[in-house]
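Thank you for asking for comments on this structure. The numbered points below are meant to be read with the sequence and the model open side by side.

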Amino acid sequence: DTVPRWATVRRSGQGYTCDRHGDIPLASEVIQDEIIQNTEAVISSLQRLMAAAKPKTKRVIAAIPERHSFVKVLTLPADSPITENAVQIEAAQFVPYSAGEMFTSWVTIPSVGHEPKVLFGAAPRTVIESYLHVLERANLEVARLELESLALARGILPANYHGVSIILDLGTTRSTLVLVVDGIVHF
């Protein structure tokens, strides 16, 4: 079964503290292969979840399923300017979606030598739009959508992490490996 989870987080000193957390199980046919099949059931569950959590805000950060997202460190040609077009050309070699089928985001990252590097993420428009639709219909304000691997790394590893780690997320129906080098998700 798919289980939406929630947590309320507050600032505590220079970090954050999780005040409360919980989940509301969904029937397996409501979300299949991490694609929303029954919009109304998800909206109803989210509304129950918010009623149980009683958060002080309706702002949410939601994770996009790893199965339907793509993240990769891209190396651009040496001494080339980092532009949207240059990133999209390089990404087209690796991303299984056409440019019109996906939402993308990227950020420059430190590199050694003259080859510029960017952390590139993509997810299908249909997945992003379906998640946004349900969150908005549940009267939630979407502060940010994140790729699941990036959220996992940020949540597990300390700030300014240096070194190499592999995060293994074991689930009931799937498992995910996330390679993190010096705080940056590489795969």
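1. Helices and strands are here DSSP runs numbered from the N terminus, a helix being H or I over at least four residues and a strand being E over at least two. The model is a predicted one, in which local features need pLDDT of at least 70 and side-chain atom pairs count only at pLDDT 80 or more, whereas totals for chains, interfaces and linings use all residues. Residues are numbered from 1 along each chain as its sequence is written, and side-chain values use heavy atoms, with hydrogens and water left out.

2. Arg144 belongs to strand S9. With buried meaning under 20% relative accessible area, exposed over 50% and partly exposed in between (1.4 Å probe, protein chains only), Arg144 is partly exposed because its relative accessibility is 39%. Contact means heavy atoms within 4.5 Å, and, residues up to four places away in sequence not being counted, Arg144 touches Val60, Ile61, Ala62 and Arg154. Of these, Ile61 is 83 residues from Arg144 in sequence, yet the two C-alpha atoms are 4.9 Å apart in space.

3. For the chain as a whole, the secondary structure comes to four helices and 12 strands, and the C-alpha trace spans about 55 × 40 × 30 Å along its principal axes. Of the 187 residues in the chain, 34% are buried. Among contacts between residues at least 6 apart in sequence, 55% join residues that are at least 24 apart.

4. Leu46 sits in helix H1 (residues 39–53) and counts as buried because its relative accessible area is 13%. Apart from residues up to four places away in sequence, Leu46 touches Val134, Leu135 and Ala138. Leu46 and Glu141 are separated by 95 residues in sequence and by 12 Å in space, C-alpha to C-alpha.

5. Helix H2 (residues 84–91) has Val87, Glu90 and Ala91 as buried residues. They lie on the same side of H2 because they cover an arc of only 100 degrees around the axis, the arc being that of the directions from the helix axis to the C-beta atoms. Asn85 and Ile89, on the other side of H2, are exposed. The cover over the buried residues of H2 includes strand S6 (70–75), strand S7 (102–109) and strand S8 (117–124).

6. In helix H4 (148–156), the buried residues are Glu148, Ser149, Leu152 and Ala153. Seen down the axis of H4, these buried residues fall within an arc of 130 degrees, and therefore they line one face of the helix. They pack against strand S5 (59–64), S6, S9, S10, S11 and S12.

7. Ser165 lies in strand S10 (residues 164–170) and is buried, because its relative accessibility is 16%. A polar contact is a pair of N or O atoms within 3.5 Å; within protein, one must be able to donate a hydrogen and the other to accept it, and residues adjacent in sequence count only if both atoms are side-chain atoms. The side chain of Ser165 makes such a polar contact with the side chain of Tyr161, at 2.4 Å. Beyond its neighbours within four places in sequence, Ser165 is in contact with Leu157, Val178, Leu179 and Val180.

8. Asn160, although not a glycine, has a positive phi of about 60 degrees; Asn160 is in the loop between H4 and S10 and counts as exposed because its relative accessibility is 71%. Asp182, also not a glycine, has a positive phi of about 50 degrees; Asp182 is found in the loop between S11 and S12 and is partly exposed, with a relative accessible area of 42%.9. The second largest pocket has 34 lining residues, of which Val107, Leu119, Leu150, Ile184 and Val185 lie nearest its centre. On a 1 Å grid over the protein atoms alone, a pocket is an open set of points where a 1.4 Å probe fits, with protein on both sides within 12 Å along at least five of seven lines, and lining residues have an atom within 4 Å of a point. S7, S8, strand S9 (141–147), H4, strand S11 (175–181) and strand S12 (184–185) each supply at least two residues of this lining.
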